[in-house]
Number of protein chains: 2
Amino acid sequence: MDVRTLCLAVLYQGEASGYEIKKAFKEGAFSHFQDASFGSIYPALGRLSSEGLVECTQMAQEKRPDKKVYKLTQNGEDTLITSLLAPPTPDRFTSDFFFILYFAELLPLLQVIKLLDQRISFYQETINRMTQCDPASLPTGRRLCHGLGLTVYQNSLIYLEENKERFIAELRSQHEIPSSIDTNLKQIDTNRHTS
Amino acid sequence: MDVRTLCLAVLYQGEASGYEIKKAFKEGAFSHFQDASFGSIYPALGRLSSEGLVECTQMAQEKRPDKKVYKLTQNGEDTLITSLLAPPTPDRFTSDFFFILYFAELLPLLQVIKLLDQRISFYQETINRMTQCDPASLPTGRRLCHGLGLTVYQNSLIYLEENKERFIAELRSQHEIPSSIDTNLKQIDTNRHTS
DNA sequence: ATAATATATATCGACTTGATATATATTGAA
DNA sequence: TTCAATATATATCAAGTCGATATATATTAT
């Protein structure tokens, strides 16, 4: 979803500045499945403003730098709904954690253990944060998002906790045969390209 | 993870052309947690080649266009390992599905049902594809990736199947009061910005 | 026959990120 | 108390990335 639509979506829930829109992606409601940087938010707001999809009110603040508060227009609201009706593009998931884990045999065991422990902490903290909020207080669509997301984190945590020890033991046993460290993974696909 | 490292990772498993590297992200081993386009793969291979991290062999093919087969050098292998030791950047997950679902109240009910059904099919197909492969045949790290990923898809499917009907019934009941269609979500955060 | 898909490399405009610059207030630690 | 870090607030820019497109041919399906 393009940043312009993302801005409209945040503004649908109440007027906000560029800084506050960024927060919605960093910590707020959209943080688990969308993101945008200042470098794309500010230009997007400028274009939305010139197209009449949002209105800007310059708030000359007492002490802090000027705050530009953006508000959705009726046209902007209609445009948001239309964008939501378009067929969704496939999810995009990019993870260094999975990428590094994939090559676990090539890395020092302590490094891998650290990676897993950090991941377990990440899942625990995320679950704690998400269970702060009472699902019953959420609108229907938002509640399903919340429930599905929470399920993913909870089951990921369970899986890692259940398999961590076995996994580490297996890696340790492989480290005991030093000559195999480097060749383990290569063996798998060696004869793929025999044309 | 930058595209250069991703190319080294694919080449670690066997020599490959740019086209074959792209396939590793589209359908192959890395498809669930990494991606790269031709527009970044080809320049990356050129740079890796000039830096001596990969070697290129031009295969003058009989009928098809020339194939440039890239192979990892020792230097490239070392560079890959070093990159894997760097602290992982946070995951990035971007989903139109979650984004649209979040605003379910604003959309025609049939549209939402279609969205959920497509999602359920997507999970089912992904699980089917992933269960084709025998986990026991995979190296340790790769097996944990596979297991954790599969768990996520399976539990997402279960959650959606268990909650779909209740969710749709709830949306339907809200549609019966037409005046509420537009205001449901707005009510939540209306008095946040009362300064 | 002919449309669609697969193999194969390459380029390019448009967009996005991550870092940086600028300026001030508040909070917490030494 | 002083000093560092964090938070509020906008804006820009180099570097990197995507998605589309061009080019050319073989195979598969309709």
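Predicted model: local features only at pLDDT ≥ 70, side-chain atom pairs only at ≥ 80, totals over all residues.
1. Chain A can be superposed on chain B with an RMSD of 0.0 Å, by a turn of 180 degrees and a shift of 0.0 Å along the axis. The two copies are thus related as by a two-fold rotation axis.

2. Which residue of chain A has its C-alpha nearest the axis? That residue is A:Phe93, whose C-alpha lies 2.2 Å from the axis. The two copies also use the same surface: 100% of the contact residues of chain A recur in chain B.

3. The fold of chain A may be described next. Its secondary structure consists of seven helices and three strands. Read from the N terminus, the order of these elements is α-α-α-β-β-α-β-α-α-α.

4. The chain has 195 residues, and 46% of them count as buried. Among contacts between residues at least 6 apart in sequence, 54% join residues at least 24 apart. The accessible surface of chain A comes to about 10,300 Å², and 52% of that area belongs to carbon and sulfur atoms.

5. Aromatic rings deserve a separate point. Over all chains, the count comes to 35 aromatic pairs. One of these is formed by A:Phe99 and B:Phe30, with ring centres 5.9 Å apart and planes at 50 degrees. Planes under 30 degrees apart would count as stacked and those over 60 as edge-to-face, so the pair is tilted.

6. Where do the two partners of this pair lie? A:Phe99 belongs to helix 5 of chain A, which covers residues 96–102. B:Phe30 lies in a loop of chain B, between helix 2 (18–26) and helix 3 (38–50). The pair therefore joins two chains. Are A:Phe99 and B:Phe30 buried or exposed? Both residues are buried.

7. A further aromatic pair is found in chain B, between B:Phe99 and B:Phe103. The centres of these rings are 5.8 Å apart and the angle between the planes is 75 degrees, an arrangement that is edge-to-face. Residues count as buried under 20% relative accessible area. B:Phe99 has a relative accessibility of 0% and therefore counts as buried. B:Phe103 is likewise buried, with a relative accessible area of 0%.

Methods
Residues numbered from 1 in each chain as written. Chains lettered and ligands numbered in written order. Heavy atoms only, no water. Phe/Tyr/Trp six-rings, centres within 6.5 Å; stacked < 30°, edge-to-face > 60°. Helix = DSSP H or I, 4+ residues; strand = E, 2+ residues; numbered from the N terminus. Buried < 20%, exposed > 50% of the residue type's maximum accessible area, 1.4 Å probe, protein only. Contact = heavy atoms within 4.5 Å. Areas by Shrake-Rupley, 256 points an atom, 1.4 Å probe, with all protein chains shown as cover. Least-squares fit on C-alpha atoms with pLDDT ≥ 70 in both.
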